[in-house]
Structures are given as structure tokens and as C-alpha cells.
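Subject: Structure handover

Hello,

Here is the structure I promised to pass on. Please open it first, then read the notes below.

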Number of protein chains: 2
Amino acid sequence: MPPPQFQHLFQAPTGTRDFYPLELARLRYIQDAWRRVSIRHGFDEIDGPTFEHLELYTVKSGEGIVSELFSFQRFSGEKTYALRPEFTPTLARLYSAKANSLPRPTKWFWQQNCFRAERPQRGRLREFCQWNCDIIGDDAPPQRADAELIAVCVELLRELGLTPEKVKIRISHRGAIETMLKVRGVAEETLPAWFFLLDRVGRISNDDFLSEATKLGMKAEVATGVLRAMAMSTPFENPTTETFLSEHVGGRGPEYFKALFAELKGAGVADWCVLNLGIVRGLAYYTGMVFEIHEASGKERAIAGGGRYDTLIELFGGPPTPAVGFGMGDVVLSLVLKDNGLFPDDKKLAGQLGLRPDAFVLSNGTDEAEAAVGPVVAMLRRAGLHARRSYKASKNVGKLIKDATSAGLGGGGAKWLVILESAGAATVKDLDSGQQHPEPIPIGQLAGFIKG
Amino acid sequence: MPPPQFQHLFQAPTGTRDFYPLELARLRYIQDAWRRVSIRHGFDEIDGPTFEHLELYTVKSGEGIVSELFSFQRFSGEKTYALRPEFTPTLARLYSAKANSLPRPTKWFWQQNCFRAERPQRGRLREFCQWNCDIIGDDAPPQRADAELIAVCVELLRELGLTPEKVKIRISHRGAIETMLKVRGVAEETLPAWFFLLDRVGRISNDDFLSEATKLGMKAEVATGVLRAMAMSTPFENPTTETFLSEHVGGRGPEYFKALFAELKGAGVADWCVLNLGIVRGLAYYTGMVFEIHEASGKERAIAGGGRYDTLIELFGGPPTPAVGFGMGDVVLSLVLKDNGLFPDDKKLAGQLGLRPDAFVLSNGTDEAEAAVGPVVAMLRRAGLHARRSYKASKNVGKLIKDATSAGLGGGGAKWLVILESAGAATVKDLDSGQQHPEPIPIGQLAGFIKG
């Protein structure tokens, strides 16, 4: 054992994870679904550096972000870098650099790791995997791209076995929230302070909220109305929603939500969505629709969040460009899938990921057959088959067959058992049906036989 | 445009890369092959944190590594971390932690990004992608796992279209090099200095080599013999190889190489391999066979490198465990594929990666059909099809059809063109054959029809 001062070396750093094969398979299961759903919806994948110039993040989020970053400087003459806490600044940089030659709209997805220098908590780690989809530069009214993006989220959730009863897409709109505040007498210049406050609702007590609202110049009974409006979570089709919107929101809010709902309905995802003005999304750059996906009980953090950011591309040197996007992490999603028993069992998981061995090769124990195991396995692999072998010195065929039936990740066993009878021929057995092929197969025909 | 002091923000940091969709597709093409070949050879995938405690790297490589690391400290009370320059220390940590419950041998693969704080050069970046395969704890004589690992490399190269004429696996052995030095009078205690010197052969002039060898106490004519032995690169089957080995190496070297060659021949990969004692591998932890893969002209850096490291697992707190592994980066491999014209063209690449759209949907221009585009596309996607659409306001069907024939990454076009004639029926055309289906397809049957 290592001396005590080295003990910490033998653990992953705080808030990061080690992935042994089965744990990694569960992450790959999620990532495969992310990728499949992205491609199906016409998104192209992009990627960028794992670290960027620190200022790329402060340009967007202000100096406050620095305390949440892992930052470093390599050479004293060089700039300071930071591990990416999110991908959007990189995406904005990539889009801005080629804005004029990119299609309208450009639809990009991304999945990689992000880093946040925070104290780890349930659902929040220092390193995690994130999936982003963004629609940039769509020239139609915003509800078309907004709804298409929400539909991507729904199809991902559906693909993983979730249902509208288990998760909800809570949709809000920065403009609608602004109007809701303005009709209650809030002045333009205090809006940032108000958004900062609204974003903390649920994490601070109602009394604290009312006291802060009073400091911002709003009467307590009016502020209580704000809290009530934010707490209301209602299906779009509910007849009270329209009344609610015209009473609490006004302006163009009702019109936008009506158009968005028509799009969501057309895409077949409206039953997953509710209107909820309580969704604020702290980040300052959202300009229109914002949404979060939550487990219905509300006990976990958000599974995903996103919204419209029509001014960000310009901030990064590009032309004025409408854009909408979301990010979904693997950590909360994994908790929700686990709590709902939605991960396939280990055998099925390995099968779905294409990890089940096609063949498990052993010898009948003679020297000639034993010496042929390596070459036969190599030949099967070259033919494109996933072939495993016994590495044991044991010649107890019974025991070795047991290894074949539990081979591969998850212990599901190989499809075919191959027992070399000599260097030239093998007995083969279908391990699913238990059926042994009546005659030995010549080695030269083995790969073709197994491929069917 | 941003002010000059922000210009650097709009470029990726030195030595890192931005990946637009086609560039990323070329990386994914390599990574897919890495994954496919690993799985076929019975390796299970693992992963670990992107950064580790700094000391995890100095334990293995000494303090000298620190200058090549991106390191940082988050909170003053916390340890110093470093971005991983390689994965082997993490692998050793993972194996050591569960050594007693893991199968013998354990076969793991890994592919992720690594980071080196060096000045970027051709073939060497600050962030790059790497593929590792390791066989840990095989109880048979070393040549079995050594040859299996080399076979994995060969199958990857073959899969990507390379041939034994274009790339060579240069194989050496730390013990053989030691013996070669010792029979020339080198003392045990100067071996580390000698390995440091030998590792620089090719990067320093022969004169500098001879002068340093003399300083280490070897006569110039003997040192010239060392250079000659290192320069000799010979097929294993060459009759001079045995003579060479017994003259220059002695000890158990010839016996090991003979056994290794038999294994390589059995696996069908011997024609890719040459014996070359010039391969030293600077890293101190190798204990047996070492190898590198080089483009035949020798003009690029190594495509891959690896070897046996039988003492490393113990260094990380595990039991004494034989192990052999290699790492292959994406940067040099990409250059070699590009120089040899081995990347598929953009259309084929997209097809091979499963990125070709199944359907491209547009309307005949009527309001009813136009309104149905979104819902029909959503329906096709839900059925698992990759469906794209026209986002243009244009109703010029001729122009829109042109978009369909160039849709998708690489501009290969969709498989099927779907023109909605109403909300209920569509004309469909096979864009490969140019054949239009004689009758409109009812929307409810569209997904089934396209799936065939």
C-alpha cells in the first residue's frame, strides 16, 4: 500500500468520475441516444477546444463566472485559459468566424465534457458530459425553431423510455416575464436586478423574496401576485391559460405562446409541455423563449435547459443572428433514468451497444488445436467478427464452456461457441438455441458460417 | 469587428483545433475505426477524469514531466491538478483499485483527448485525441499478449486502407537493448543515461552521439557499432536477423524474438513488422518489448508507440502485474491518411458515418401542404428516420429540389425526395435512381414506405 501522503492519488479528483466498462456503457447508452436523435433531426456535429481563452467566458457571462472556472496560464507570456464550463461561447466563435458561408439556418449539435469548479452536490459534478443542439440563423418567426428544438428534447426523452407523466418541459419567455413585471410598475433599469431575484425563487424563502421585492420598490401584495404567476404551471391547451396570459402577461406574449403551441402540437410534442413563467434561466443572454426540463416530482435539478439568444452571435463578432439552443447533462438524466428503472439490464445494454461477442473460441485440449486458437481468433477478427478466446491454461472443456456462456460485457455470453477439434476444423454451437451444428466446420469456412 | 485587444478571443488557443462538421467527420471516421477494431478484439472501454492530481503523473514520469503539463489549483486548500498528458497513470490507478476482482487478463481500451503544454509542431498539438489498448495481467509468456496487441494496431491500419508497404511496425526490446549495451561494457548504473542518449538518436547528429558516448566511457568504434545496430531494420524472417541478434544482442533476446515472431505470423501480421533496436521509447517505465509504428518514408513522427510495462501497476499500489499497451494519436495518423489519399471523399464519408438523410421534405407550394411540412418531418423523425426539410420561404419547387439533391453533410443529397401534395399525400422520388413512385403515398404510410 502507498504511504498516507499518496493515498489521495488513488482516487479520482473531487467531483470527477472513474468509468469502469459497465459504468461507461451506461454513459455511452445516453450518448448514443443523443447522437442518434441529433442526426435524425438534421443537426451536424461540431467540436472545439477543451479549454479556451478565459475572456471568451467573461465576454458572455461577466467576471462573476471566473470563480466557477478551472483556469490556468501555461507560459508567463501567454494568455490565461479556462476549461470550458459550457460550449455556447465556442459555438458563437465558430459561427461568427464563418457566418457568411454557413447555411441558414445552421443546425449544430455537440457532446463533450464540461467543467465547473464548484463543490459537488447531487446532480452536479465538476466534470460532466453535456449535449447541445442549436439552430442559428433561421429566418422564420421564432416559434418555428423554438418548437423544433423542444421537439428534439422530447424525442430524446421518449427514446429513453420517459413519458409526459414523468417529465415536463416547462416553457417561459423572457419578454413575457418582462411584461409581467412592467405591468406591475417595474422600471426598465431595475429589470436585471429583478431577473436576478426571480431566478432565485424556489431557493430562497417567500419571505425573503417579498422583502427583496419591497427593497426593489414593489408593494408586498403586488409581489405576492408575481410569485403566484410564477408558480402557475399549466398545459397550453387549458382554457385558463389564455386568460392567465392576457391578465398576467399582456403585450405580444399571448400571441407568441399561441403560435408556439400550434407548432408544438404539429410536431406531436405538446402533451410534454407546460407554460411556467417561473422558468427564468439566470444567464443574462437569453432574449426570448426559455425552457427547462424537470422530472415531474421536481425533486431533481433540471435535466436540460435552454432558450433563445438573438444577440449573442453579434457579441462574438458575427452579424446580427437569431439563435436558439439547449444543453442537457448526463448527470441528472442518469439519476432520472435510474430512479425510473429505465436503464436496460447489463446484458441488454451490451447487446444494444453492439458489444456482444460473435464467437468464443477454445480448443479440445490437444496441442494442435490449442496452438490454433490464436490464429483462428485473429482470422475471425480480421473478417470483422467480435471474437474472444479462452486465455486459461486449463484444458477442462466444461469449465471453459462456462466462460463462453458468460463472455463479454454484462456477462451475456457469446453468440457462438467454437471448439477447435484440430488446426483445420471446429465444432460450433449456437449458445442462444443450444443447438450444435451436426458436422465440424472447416476453419476456412468458419467466418462465413458465423456471419450467416 | 471586435476591438484589437479581443481579436485573440476569436481564434482557438494555440495548438488546439476547431472542428466544423466535415473536419469532425474525419476525426469520427478514425475514432469509429478505433472503436470497432477494439471491440472486435475483445477490449472493453473505460474512461477517467480529464484532469488528475498532478502527482499521479510525477509518480510515473518524474518531476521532469511538470513542464509539459497544463496544471492548476482551484482552491488554496486543494491539491494541484493537471490535464492528462496520457491515460496510462489513470488506467494503472483504475486497475490497481480493483485488481483482485478483475479478469485475467483484463483488456481495456480508451479514446479521449490528451493535453501537452508544448510548442505545437507538425504532427504534435497541445490537444489531441488518443486511442489506447492495454492487456493487463495475462499469465502466459509475454509474447502472446505482445503479439495480440501488435495485431490490434495492424488491423486498425489495414481497416483504414494502409498496407505493409506504407507503414512499418518497428519492434525492439528494452532487455535486448540493455544486453546490447552490456556486452559492450556498459555498467548497470549508467543504463538510464544510455537510454536517455539512445532515445535522442535521429534527433542529434552522429558526431554529438559519439561525443556523448565517449563521455559515458565508450570507445568511438564501439559506439559506432551501437549506432549501426540501432539503424538496422530487418524483417523477422530475414536469415541475417538471427545472426544479427546473436551477435549484437545475446542473452534471451533471440529466444524472445523467435517466439514473438511465431505469434505474429500466426496472427497474420508478420509482414507488417520489422526488428529495429533503434526503437527505445524514452519513457522510463517500459520493461520488455517496445514498438513504434512509422510511415515507411520516416518523414512523419510515430503514428503509435507502446510496449510492456510489468512494474507500473505495482507502482500505483496494485499487485505485481504484467502489462502491455500502446497509444495512437489522431494527428499523425490523419496526416498519413491524407498524404496517401485514404480519407473517403466527403459524400462517402458522410454515408459511412450514417449521416446521409433518408428523406428531404418540401411542399408543392400550396398553403395546406406548406403547413404540413413541419408535422410530416416530425413524424418521420419519430419513426427513426433522418429527415431534413426546406426552411426557405421560396415556393420555386425546382430550386428546392436542388437543395434536396445536395442535402446533408458532404452534399450527397437525401435518399428520398418527398413533395407534399396536400396535408394527406406526398409524391416521392428515389434520388439515386431518379425514379418517381407512380402514385402519391398517403402520409400515414410514408415512414413505412421509406423504410422499405
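**Aromatic pairs and a helix contact**

At 11% relative accessibility, Phe236(A) is buried (buried is under 20% relative accessible area, exposed over 50%, partly exposed in between, with a 1.4 Å probe and protein chains only). Phe257(A), at 1%, counts as buried too.

Some ground rules. This is a predicted model, in which local features need pLDDT of at least 70 and side-chain atom pairs pLDDT 80 or more, while totals for chains, interfaces and linings use all residues. Residues are numbered from 1 along each chain as its sequence is written, chains are lettered from A and ligands numbered from 1 in the order written, and side-chain values use heavy atoms, without hydrogens and water.

The rings of Phe236(A) and Phe257(A) are a tilted pair, because their centres are 6.2 Å apart and their planes stand at 45°. (Rings of Phe, Tyr and Trp, the last by its six-membered ring, pair if their centres lie within 6.5 Å; planes under 30 degrees apart are stacked, over 60 edge-to-face, the rest tilted.) Phe236(A) sits in the loop between strand E8 (233-235) and helix H9 (239-248), and Phe257(A) in helix H10 (residues 253-266), 21 residues apart. (Helices, H or I of at least four residues, and strands, E of at least two, are DSSP runs numbered from the N terminus.)

Over all chains there are 41 aromatic pairs. Another is Phe51(A) with Tyr81(A): centres 5.2 Å apart, planes at 55°, so tilted. This pair links strand E2 (residues 51-53) to strand E4 (residues 80-83) of chain A, 30 residues apart. Phe51(A) is buried at 0% relative accessibility. Tyr81(A) is buried at 2%. Both belong to one aromatic cluster, whose members include Phe115(A), Phe51(B) and Tyr81(B).

Charges also sit over rings. Arg389(A) lies over the face of Tyr391(A), 5.1 Å from the ring centre. (The test: NZ of Lys or CZ of Arg within 6 Å of the ring centre and within 35 degrees of the ring normal.)

Last, the helices. Helix H4 (residues 142-159) of chain A packs on H10(A) at about 45°, with axes 9 Å apart. (Axes are lines fitted to C-alpha atoms over the stretch in contact; angles run from 0 to 180 degrees between N-to-C directions.) H4(A) and H10(A) are therefore oblique (under 35 degrees is roughly parallel, over 145 roughly antiparallel, 65 to 115 roughly perpendicular, the rest oblique).

Best wishes
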